[in-house]
Amino acid sequence: MWRFGWRPGRGPQSTDLEAVLVPASYGTDPLLRAGCEAVREGDVEAGATLLVETREDPEVRAYQAEALGRAAADRPDEIAALVEEGADPADSMLWLGHTLLARAVALPAGGAGTSPADRKAFEAALHEARIPLRESARLNPDDAAPWSALQTVAMGLGEREERERAWEEASARAPHLFPAHMTRVRSLAPTRGGSAEEMFAAAGAAADTAPEGSPLPSVLALAHAEYLRGEQRRLEREGNSAFITTMALGRLHGDAVRELFELAQGWASAAVPHVRDVQAHHLFGWAFHRAGEQDLARWHLGAVGRYVCDVPWSFFGAARTEAALAMSELGVDPRTGSGIG
């Protein structure tokens, strides 16, 4: 699966490219980004209006709730007050849950060097986010979005039974919901108590059953990123230097690359516009870059425009820095490319 001895290069333009990359945390759709900006400036009603229009599309609903939650991270009280002002309670509770979840994931999560007090604060924040998400699920029983977010809560708390329930509820309502499968794959990683076999099986099943033209097969690239991150952490725990760790991590090759190529080709040949297209291009682009498949990586990273996603780049450093380095090595210049979404 992974060939050892791969060492990434460093392109001279990476600093310039990093400066022009834009985080995709507020979405890649201009209307959504404008709504998020309005929310950040205090106009929370703009966000409420956007959510109303997503009720028939679980992918768009989950996507917008995530972005609006990040935009409102400093305004949870204002989101909670929307119900009193006549906003739909299910929409408002979904948004509030994502707002509190965004605040929680920004806290130290209990990794190496994190104090018990920090871990306790992180867990308390996740428990707080769970309350409105459960209420949203109760108020709108057909909505998969709150269950998808509840997966993240349970994953952060290490609650296996709650995580499994949230996954079953989300997948029953929206079998191909991209963020639910993303969280499913990540929750089964060896670093979270799962196994490589479970994680790759879940990613493979999602890819095999994805609707034609869906970007969902890119979750297999996510599984490879999670696996590689786990190996990196293991090598670091064993006391290896940063240089030795980098040299030992290796690159993807053989059957794994062929499988990813077939999935990416199948998606590209029948792609239907999707709110997660940029995310999928980053996942495939990362994987092909690690595999040394320059033409494939160049095509995928050339399709993201100026947008950069945290996953999977943040697994190995600052997301914008890592993406810019890869683009520089591949000769991809987001300043001259065109975005999607």
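**Entry 1. Aromatic rings**

Rings of Phe, Tyr and Trp count as a pair if their centres lie within 6.5 Å, the six-membered ring being taken for Trp. With this rule I began my reading of the structure, which is a predicted model. I noted that Trp267, Phe284 and Phe288 form one aromatic cluster. The count by the rule comes to five aromatic pairs.

I then looked up one of these pairs, Trp286 with Phe316, and recorded 5.8 Å from centre to centre and 0° between the planes. Planes under 30 degrees apart count as stacked, and the pair of Trp286 and Phe316 is accordingly listed as stacked. I recorded both values because a pair of aromatic rings is described by the distance of the centres and the angle of the planes.

Where do Trp286 and Phe316 lie in the chain? I found Trp286 in helix 15 (residues 277–291) and Phe316 in the loop between strand 4 (307–308) and helix 17 (319–330). The two are 30 residues apart, and the pair links distant parts of the chain. I also noted that Trp286 and Phe316 are both buried.

**Entry 2. Helix 6 with helix 7**

I turned next to packed helices, which are described by the angle between their axes and the distance between the axes. For helix 6 (residues 89–105) and helix 7 (residues 116–139), I read an angle of about 165° and axes 8 Å apart. Angles over 145 degrees count as roughly antiparallel, so helix 6 and helix 7 are placed in that class. Their crossing is left-handed.

I listed the residues that meet, including Met93, Leu94, His98 and Leu101 of helix 6 and Phe122, Leu126, Glu128 and Glu135 of helix 7. The residues of this contact divide into 16 nonpolar, three polar and two charged.

**Entry 3. Helix 6 with helix 8**

Helix 6 also packs with helix 8, at an angle of about 20° and with the axes 10 Å apart. Because angles under 35 degrees count as roughly parallel, helix 6 is roughly parallel to helix 8. I noted a left-handed crossing for helix 6 and helix 8.

Leu94, His98 and Leu101 of helix 6 make the contact with Ala145, Pro146, Ala149, Thr152 and Val153 of helix 8.

Within helix 8 (residues 145–157) I looked up Ser148. Is Ser148 buried or exposed? Its relative accessibility is 5%; buried means under 20%, and therefore Ser148 counts as buried. Leaving out residues up to four places away in sequence, Ser148 touches Ala170, Leu177, Pro179 and Ala180.

**Entry 4. Helix 2 with helix 4**

The axes of helix 2 (residues 30–40) and helix 4 come within 8 Å and cross at roughly 30°. This angle makes helix 2 roughly parallel to helix 4. The crossing of helix 2 and helix 4 is right-handed.

Which residues make this contact? I listed Leu32, Cys36, Val39 and Arg40 of helix 2, and Tyr63, Gln64, Ala67, Leu68 and Ala71 of helix 4. They divide into seven nonpolar, one polar and one charged.

I examined Gln64 of helix 4 (residues 58–71) separately. Gln64 has a relative accessible area of 10% and is therefore buried. Apart from residues up to four places away in sequence, Gln64 touches Leu32, Leu50, Leu51 and Thr54.

Note on methods:
Residues numbered from 1 in each chain as written. Predicted model: local features only at pLDDT ≥ 70, side-chain atom pairs only at ≥ 80, totals over all residues. Heavy atoms only, no water. Helix = DSSP H or I, 4+ residues; strand = E, 2+ residues; numbered from the N terminus. Buried < 20%, exposed > 50% of the residue type's maximum accessible area, 1.4 Å probe, protein only. Contact = heavy atoms within 4.5 Å. Axes fitted to C-alpha atoms, helices over the stretch in contact; angles between N-to-C directions. Parallel < 35°, antiparallel > 145°, perpendicular 65-115°, else oblique. Left-handed = near helix turned anticlockwise from the far one by under 90°. Nonpolar A, V, L, I, M, F, W, Y, C, P; charged D, E, K, R; others polar. Phe/Tyr/Trp six-rings, centres within 6.5 Å; stacked < 30°, edge-to-face > 60°.
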